[in-house]
Structures are given as structure tokens and as C-alpha cells.
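Keep the sequence and the 3D view open as you read.

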Amino acid sequence: MRGDDRLSRMVWTSLFAVALTAACASEDGAADGGGSGEGGADSGSSGGGMDRDGEEVYMLLCASCHGADAQGTMLAYELRHPVRPYATWVVRNGRTGNELAPSVMAAYPSSVVSDVELERVFDFLDAFPRADGGEALYLDHCRNCHGIDAAGGEVEKDIRPNPFHDALEKVRQGEGGSGYGARLLFMPALDAAALSDDELQQIVDFIGTL
Ligand code: HEC
Ligand code: HEC
């Protein structure tokens, strides 16, 4: 029965390790305590617990594909200023990859990135400077779906022929409600705070040059 003995010792040792990790994690939590968002940023950084700050989680789990500056890499695309419910859906469900972003993105359950941490990742992504000029605005808000040349992209919708007022109506209303997974049907609505009329005009002007 030696085998059993060894097995049970291994089990107890690993249970102890788990308990220790949990204790460390909750200490991290306590140290950050009450910090609602930005506060606990630095103190939790050693942990790997569930109270990490947004930049830390982003650099650890997302930057390898989306880039440290969130401007995209060969593997995946730009992520600045995310539309949160949609972005949350993608993170929780994963993505298969496509032409512009040729890698598979795993689904990240809340046991890996908690809801609070995910909001902090989005806060981190929102803190990048506002895009400036039609090309940068197009990259930030439209290119992932409509493609580099606005001729279709992942959603197979050529938006080059659209005059400003049609684009404005579409951008303000969006499409597809909360059907975030429907590639050919979902477009997020952006209000004037996310993208002003003037900024959209710059995008339309830029599309006109493509
Ligand atoms: C292995 C590479 C990889 C990693 C790591 C990764 N992603 Fe992605 N991500 C992708 C790819 C590829 C796509 C696009 C795939 C597609 O459209 O089918 C994507 C798409 C997204 C989108 C949708 C963006 C849009 O404009 O449609 C969001 C949001 C996102 N990722 C967030 C994250 C976050 C947050 C993390 C870290 C927790 C992360 N990703 C980690 C590869 C990755
Ligand atoms: C998450 C993906 C996604 C993003 C981001 C996105 N779109 Fe769309 N867009 C779509 C889809 C899908 C459709 C087709 C929906 C429909 O009308 O059936 C569409 C349709 C359109 C149309 C209508 C085209 C037509 O002929 O009916 C316009 C104009 C448009 N988008 C402009 C934009 C602009 C401008 C941006 C950036 C500010 C943008 N979209 C961002 C997915 C997206």
C-alpha cells in the first residue's frame, strides 16, 4: 500500500499548496481592500490572485496578440476604446480568427479574468489617447469589421458608397441589438461621446480616399 501512501501525501501536499495560494490571493485582496477600480493597482501586482489591475492583466494575457500599445500585431487587431458589452462577449466566448487577425482567441472564463478585472482591462484600453484623423479613427472604430479598404472585411459589407448621413444613421443606431456573435448582422451603436459627428465625417472622408 506504499503507492497509496505516496499518493495521499501528494494529494495533501497539493491541497496545502492550493490553500496557501488561496490565502495569498485573499491577502492581496485585503491589501487592495475597498479600492474600487484604480486604487489597488500596484499592491496586487505580485499576486496572480484575482485582484490584478487592468494593465497587468492586459500585458499578461492579451498584449502578445493585440500588442502592448493595443494597436494590433500580425496575430490580432486593434483594441483601443472597446465597446464594452460586445468586447465582454468576445472575451467570454472567444473568436475563431480571420484574415486581419489570423490566430484563434481562447474564451477567458471569469475564473481566469474576473468581471472586475475585465472592466479594468477595458478602462486601461479606454485610457489611450483619442484617435486623431480619419485614418486613425477608422482603424479604431471600423476597420476590424469592415476591412482595411472598407470594401467588405469580415462582415462582408462594402461601406464605400455610403454618404455621410447614411453612415451617421447606421453608426448611431447600430445593428443587431445584443446579437454579438452574429458576424454579418451585428454592428455596435456609438453615441456622440464615443464618436462625434465631426469625427465620423473625417472617417467618411478617409473612406472616400480608399
Ligand atoms: C492568441 C491571440 C489572442 C490573445 C492572447 C487575445 N486575443 Fe483577442 N482576439 C484575437 C483574434 C485573432 C481576434 C479576432 C478574431 C476574429 O475576429 O475571429 C480577437 C478579437 C478580440 C476582440 C474583438 C475586437 C473587435 O473589434 O471585434 C476583443 C474585444 C478581444 N479580442 C479582447 C481580448 C482581450 C481582452 C484579451 C486578453 C484577456 C485577448 N483578446 C487576448 C486574438 C487574441
Ligand atoms: C463589430 C463589427 C462592426 C463595426 C465595428 C462596424 N460595423 Fe458597420 N456594419 C457591420 C455589419 C455587420 C453591417 C451590416 C449590418 C446590416 O445592415 O445588415 C454594417 C453595416 C454598415 C453600414 C451600412 C452599409 C449598407 O450598405 O447597408 C455602414 C454605412 C457602416 N456599417 C459603417 C460603419 C462605420 C463608419 C463604422 C465605424 C465607425 C462601422 N460601421 C463599424 C459591422 C460593424
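At what angle do the axes of α2 and helix α4 cross?

## Two helices that cross

The axes of α2 and α4 (residues 115–126) cross at roughly 90° and come within 7 Å. Here an axis is a line fitted to C-alpha atoms, for helices over the stretch in contact, and angles run from 0 to 180 degrees between N-to-C directions. The two helices are therefore roughly perpendicular to each other, a term for angles of 65 to 115 degrees. Helices themselves are DSSP runs (H or I, at least four residues), numbered from the N terminus.

Which residues meet? From α2 come G54, E55, V57, Y58 and C62, and from α4 come E117, R120, V121, D123 and F124. Two residues are in contact if their C-beta atoms, placed from the backbone, lie within 7 Å. By class, this contact has 5 nonpolar, 1 polar and 4 charged residues. Ala, Val, Leu, Ile, Met, Phe, Trp, Tyr, Cys and Pro count as nonpolar, Asp, Glu, Lys and Arg as charged, and the others, Gly among them, as polar.

## About the model

This is a predicted model, in which local features need pLDDT of at least 70, side-chain atom pairs count only at pLDDT 80 or more, and totals for chains, interfaces and linings use all residues. Residues are numbered from 1 along each chain as its sequence is written, while chains are lettered from A and ligands numbered from 1 in the order in which they are written.

## Around ligand 1

Ligand 1 is surrounded by 23 residues, and the closest are C62, C65, A76, R95 and M105. A residue is near a molecule if its C-beta atom, placed from the backbone, lies within 6 Å of it. Two or more residues of this shell come from each of α2 (54–66) and α3 (84–93). Helix α2 gives the largest share, 5 residues. The shell divides into 15 nonpolar, 7 polar and 1 charged.

Is A63 buried, partly exposed or exposed? This residue of helix α2 is partly exposed, because 16 other C-beta atoms lie within 10 Å. The cut-offs are 20 or more for buried, 12 or fewer for exposed, and partly exposed in between. A63 touches Y58 and A68, not counting residues up to four places away in sequence.

A150 sits in the loop between α6 (143–146) and α7 (164–173). A150 is buried, with 22 other C-beta atoms within 10 Å. Leaving out residues up to four places away in sequence, A150 touches I159, R160, I207 and L210.

How values were computed: Parallel < 35°, antiparallel > 145°, perpendicular 65-115°, else oblique.
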